[in-house]
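Reader: I would like to learn how to read sheets and cores in a model. Please take me through them.

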Amino acid sequence: MMTALLDIRPIAGALGAEIHGVDLAQPLADDTIAAVRRALLDHLVIFFPGQSLSPARLVAFGKRFGPLEGHEFVEGMSDHPEVLELIKEADEGGFNFGGDWHTDVTFRDRPSMGTILYGKDIPPCGGDTLWANQYLAYETLSAGLQRLLGSLRAVHSAEEAFGGGGVAQLYRSQLRSMKIKTDGDVPTAVEHPVVRTHPETGRECLFINQGFTTRFADMSESESSGLLQFLFAHSVRPEFTCRFRWSPGAVAFWDNRATQHFALNDYHGHRRHMQRITVAGDRPI
Ligand code: SIN
């Protein structure tokens, strides 16, 4: 598929497309940025193989889509605080950053609009990332369940992932090369609608994730658990996903409003190093 500006090649039926013929290290014209944004809305995650980006250029590209953010629990680079370094060394343990199905930072009132990930060191095999299309997850539910979910809100919290509990211990003991801050306060949990209307496409998508969603609002965890577990499994059914094999210099840009993703941890004995920035988002409605 060619647009006037971009060579777009879908990689799966559900979502995901590679874009060729754009050099992100160069300043890009407004119509190219508009075409990239259109491709992001159409394909939900887009990939630019074979780039060569300094942190400053990565930041400059990201800023074309909105203000960039830091992260509550991961320190950025000293000279580029918006750039997080996601590193797992060859000798680090069995735990990785982002190694479960999640949508980024939904523990915030305003979760990121999008995330841009740049592959620096890539294992010879393994270390792929998967994404799941949350429009499809919603649209494939029965009308009855859609109606019920449309009336519900859910609580999202960073406590399990970054609070004093089990996962934070794993960060401390097993990912020593990442600058994770697990000793500060965890922000108060927030509520979001379970069905979100995408602010740009106007389409409805499911907006829960196993990483941060703990229960439905005004219900206990045990009351919520059965339906939430069903939704966690349903929302990442294989036919809603794509899988990207990284190569050094590849860039992925995903729409965090309508996707979940999962960083596979299957490259023991090899180094993986990525640089990540996020574009600020709005309050889900
Ligand atoms: C993330 O969840 O942001 C990390 C994804 C990856 O490293 O593939």
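Author: We take a sheet, then the nonpolar cores. This is a predicted model: local features need pLDDT of at least 70, side-chain atom pairs count only at pLDDT 80 or more, and totals for chains, interfaces and linings use all residues. Numbering runs from 1 along each chain as its sequence is written, and side-chain values use heavy atoms, without hydrogens or water.

Reader: In what order do the three strands of the open sheet stand?

Author: Strands are DSSP runs (E, at least two residues), and helices are H or I runs of at least four, numbered from the N terminus. Two strands pair if DSSP finds at least two bridges between them. Here the order is S9-S8-S12, with antiparallel pairing. S9 (190-193) and S12 (213-216) are the edges; each has a single partner strand, so one side of each lacks a neighbour in the sheet.

Reader: How many bridges join S8 and S9?

Author: Four, with S8 covering residues 153-156. Arg 153 lies opposite Pro 193 of S9.

Reader: Which residues have the most contacts inside the largest nonpolar core?

Author: Nonpolar side chains tend to be buried together in soluble globular proteins. A core is a set of buried Ala, Val, Leu, Ile, Met, Phe, Trp, Tyr and Cys residues joined through side-chain atoms within 4.5 Å. Buried means under 20% relative accessible area (1.4 Å probe, protein chains only). The largest core has 34 residues, and Phe 97, Trp 131, Phe 162, Met 178 and Trp 246 have the most contacts inside it. S5 gives the largest share, three residues.

Reader: What else is there?

Author: A second, separate core has 29 residues, including Ala 17 and Met 113.

Methods. Buried means under 20% relative accessible area, exposed over 50%, partly exposed in between (1.4 Å probe, protein chains only).
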